[in-house]
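Let us walk through this model one element at a time. Keep the sequence and the coordinates open side by side.

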Amino acid sequence: MNYFRIAPVAIAALLIGVTGCKQYKRDDSAPAPVANAITTVKGVGVSEEVFAIYARNRTRQEPDTLSDEQRADLIKELQDLYLLSELAREQKLDRAPEVVAQLDFQRRSVLAGSIANDFLENNEASEDEVRAEYEKMTSGDAGTEYKARHILVETQEEAQAIIGELDGGADFATLATEKSTGPSGPSGGDLGWFPPNRMVKPFSDAVVALEDSAYTAEPVETQFGWHVILREGSRDATPPPFDTMKDQIKPQLEQQKFRDFIEAEREKAGLGS
């Protein structure tokens with residue numbers, strides 16, 4: 001099963017990539033015939049393979065699942081595309097430098113996609129590789145995670161005033177909703193559960209130093225502004241089970257394999273890293 005595929009830049013690019021060698025010629029000779037043509041436009045056959053590519057990209061369906069009406073509509077669209085492309089060829093617009101460059105780029109996009117897909121189909125990450133990556137990813141998860149809320153404001157004075165309100169019995173979530181400038185403000189400053197290393201150091205240090213149900217007695221400054229922090233709870237951190245992560249890890253490993261493949265090919269071609 002493929003998780004990562006390189007797609008052509010556009011539907012037209014797919015069509016050009018498949019049929020470009022025949023329809024976009026640099027001379028006026030007749031295009032080569034297509035053996036399994038489903039329709040013909042100005043003597044140029046549209047193959048079943050081209051139709052299948054167009055149908056998948058146009059409808060996100062397999063060609064054999066299309067209704068007769070859908071198939072007829074798509075064939076008409078392809079006829080229009082081929083008609084316009086043949087008119088461009090007849091008027092020698094295919095010889096314009098910009099068009100030549102675009103056709104070359106689109107053709108190469110399709111070829112690059114084909115080598116990428118072929119590589120990925122033949123280099124799937126094994127169960128052992130996925131499990132080893134999981135162990136590496138989760139080996140540092142032991143420890144404690146925390147549940148917290150915060151109120152973010154621009155100045156130390158504002159933060160200090162909020163602490164005064166909390167000391168007077170104000171509700172933390174209500175103040176966060178009313179005063180916090182951070183994205184969690186509308187949800188009462190709720191940050192959910194997180195390990196300390198997910199937050200910037202001054203923030204995480206303050207959370208770790210607090211007791212559960214306590215808020216900071218002094219404002220905490222980070223690059224985002226001034227925070228008042230409430231630590232709502234703490235618990236032993238438990239990494240998610242392997243079965244819930246393997247479908248995320250597998251495509252990441254396969255993409256890394258492909259990046260390594262590209263780097264090796266760049267080195268062979270003398271392109272550097």
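This is a predicted model.

How enclosed is β3 (residues 144–153) by the rest of the structure? Eight of its ten residues are buried, so β3 is largely enclosed.

Now turn to the hairpin of β1 and β2. Strand β1 (residues 37–41) pairs with β2 in the antiparallel sense, over four bridges. Valine 41 stands opposite valine 44 in β2. Two residues lie between the strands, and lysine 42 takes a positive phi near 55 degrees. Look along β2 (residues 44–47) next. Val44 and Val46 point one way, while Gly45 and Ser47 point the other way. All of these are buried.

Finish with a helix pair. Two packed helices are described by the angle between their axes and the distance between the axes. Helix α6 (residues 156–167) packs on helix α7 (residues 172–179) at an angle of about 150 degrees, with the axes 10 Å apart. An angle over 145 degrees counts as roughly antiparallel, so that is how α6 runs relative to α7. Their crossing is right-handed. Which residues meet? Ile162, Glu165 and Leu166 in α6 meet Phe172, Leu175 and Lys179 in α7. The contact residues divide into four nonpolar, no polar and two charged.

Definitions and conventions. Residues are numbered from 1 along each chain as its sequence is written. This is a predicted model: local features need pLDDT of at least 70, side-chain atom pairs count only at pLDDT 80 or more; totals for chains, interfaces and linings use all residues. Side-chain values use heavy atoms; hydrogens and water are left out. Axes are lines fitted to C-alpha atoms, for helices over the stretch in contact, and angles run from 0 to 180 degrees between N-to-C directions. Angles under 35 degrees count as roughly parallel, over 145 as roughly antiparallel, 65 to 115 as roughly perpendicular and the rest as oblique. A crossing is left-handed if the near helix is turned anticlockwise from the far one by less than a right angle, and right-handed if clockwise. Contact means heavy atoms within 4.5 Å. Ala, Val, Leu, Ile, Met, Phe, Trp, Tyr, Cys and Pro count as nonpolar, Asp, Glu, Lys and Arg as charged, and the others, Gly among them, as polar. Buried means under 20% relative accessible area, exposed over 50%, partly exposed in between (1.4 Å probe, protein chains only). Two strands pair if DSSP finds at least two bridges between them.
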